[in-house]
Amino acid sequence: MPALAVGVPEELSARVPVEQREPGLDRDGVRLLVSRGTEVSHHAFAELPGLLRAGDLLVVNTSPTLAAAVDGRVGHARVVVHFSTRGDDGRWAVELREPDGRGTTRARTEMTGTTHARMDVTGVTRARAEEGEGVEGRGCGGLAGTRVRLPGGARLVLEEPLSARGERLWWARVSGAGVPALLREHGRPIRYSYTERDQPLSVYQTVFALPYADGTGSAEMPSAARPFTAGLVAELVSRGVQFAPVTLHTGVASAESHEPPYPERFAVPEASARLINAARAGDGRVVAVGTTAVRAVESAAGADGVVRARAGWTDLVVTPERGVRVVEGLLTGLHEPEASHLLMLEAVAGRAAIDRGYEAAVRGRYLWHEFGDVHLLLP
């Protein structure tokens, strides 16, 4: 999908949550753009119960947001480690970034310090950093063997890139502390440059978030669900709208290059699979709350469109070519015009609906990003 033709003015970035922008409002005080095909209407999010009908099913992600950013040092250089995804072998996928002097971070494109290099038998140069030393290199967040000193005496060592697609995310091993305890004690939510200030972790938790015994969760908030409040959920239930919980632990997004998502851990429980199949067999519409819920449900759907209980890793990337087998509607935030998530939106609603909706959102001065307004795509 080529980038959308619309430009998003910088002032349309939501810099703080709505309840801080406009005292007296709750999370559901954001605006809601509704697209039914190319027809667009404008609402408050609190009007959602009147836009859905009895028998509709909302698929929600129960993954909690982690305090996934931790300060560290490579030699004398300050870095910020973004913990992305816990692997089955106990390692974590991480991204090394550098502070930008404004309380946020930027891609780590240059590293300086003493490097010990050797040529392996294939002739490929590998850099190995000794304890307390930096490494040299350009265009990546780290090199194999890079050691990072973390708070509380913990150590992190980069071992290998997560993917052949690039060296932004690395598998790393942490010693001296368990990662969940490290994040609880020394971590903070990942923050991007368009936000105004750090926020407590509670600001990034959705009403659907559940704790996981192994300390896993999402590096970034499943933000489409942020506007829901307990009161709004109760009203939806009272009107006959059902909820199907699923889990997808989101990794660290590519803030600069908008890469497609990497493999992520997911689970669709048996009870939720039954609810989804029953809604599809009846008159209800299956509406995913967020792109993470789409990825989880579609990963559990067979070619016959039947959803079965599944858990594990998914590398599914939903595109218009692949299409969707289950999801009929989507509640999502407003994505940057070049974001890879727009392919999923096009798969659900079609390119014409996305073009029309985004044009209306810019004209209507809707706010972007995780603290911004939301977009409901219906058949």
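**Exercise 1.** Within what distance do the axes of helix α6 and helix α7 come, and at roughly what angle do they cross?

*Solution.* The model is predicted: local features need pLDDT of at least 70, side-chain atom pairs count only at pLDDT 80 or more, and totals for chains, interfaces and linings use all residues. Residues are numbered from 1 along each chain as its sequence is written, and side-chain values use heavy atoms, with hydrogens and water left out.

Step 1. Find the helices, which are DSSP runs (H or I, at least four residues; strands are E, at least two), numbered from the N terminus. Helix α6 covers residues 291-299 and helix α7 residues 341-349.

Step 2. Take the axes as lines fitted to C-alpha atoms over the stretch in contact, with angles from 0 to 180 degrees between N-to-C directions. The two axes come within 11 Å and cross at roughly 65°.

Step 3. Roughly perpendicular covers 65 to 115 degrees (under 35 is roughly parallel, over 145 roughly antiparallel, the rest oblique). α6 and α7 are therefore roughly perpendicular to each other.

**Exercise 2.** Which residues of α6 meet which residues of α7, and which residues in α7 are buried?

*Solution.* Step 1. Contact means heavy atoms within 4.5 Å. From α6, Thr291, Val294 and Arg295 meet His341, Met344 and Leu345 of α7.

Step 2. Buried means under 20% relative accessible area (exposed is over 50%, partly exposed in between; 1.4 Å probe, protein chains only). The buried residues in α7 are Leu342, Met344, Leu345, Glu346, Ala347 and Val348.

Step 3. The cover over these buried residues includes α6, β19 (329-333), α8 and β20. After α7 comes Gly350, with a positive phi near 95°.

**Exercise 3.** How many aromatic pairs does the structure hold? Describe two of them.

*Solution.* Step 1. Rings of Phe, Tyr and Trp (its six-membered ring) pair if their centres lie within 6.5 Å; planes under 30 degrees apart are stacked, over 60 edge-to-face, the rest tilted. The structure holds seven such pairs.

Step 2. Phe45 and Phe228 are edge-to-face, at 5.2 Å centre to centre and 85° between the planes. Phe45 is in the loop between β2 (39-44) and α2 (48-51) and Phe228 in the loop between α3 (179-186) and α4 (230-238), so the pair ties together parts 183 residues apart in sequence. Both Phe45 and Phe228 are buried.

Step 3. The ring centres of Tyr358 and Trp368 are 5.9 Å apart with the planes at 75°, so this pair is edge-to-face. Tyr358 and Trp368 are both buried.
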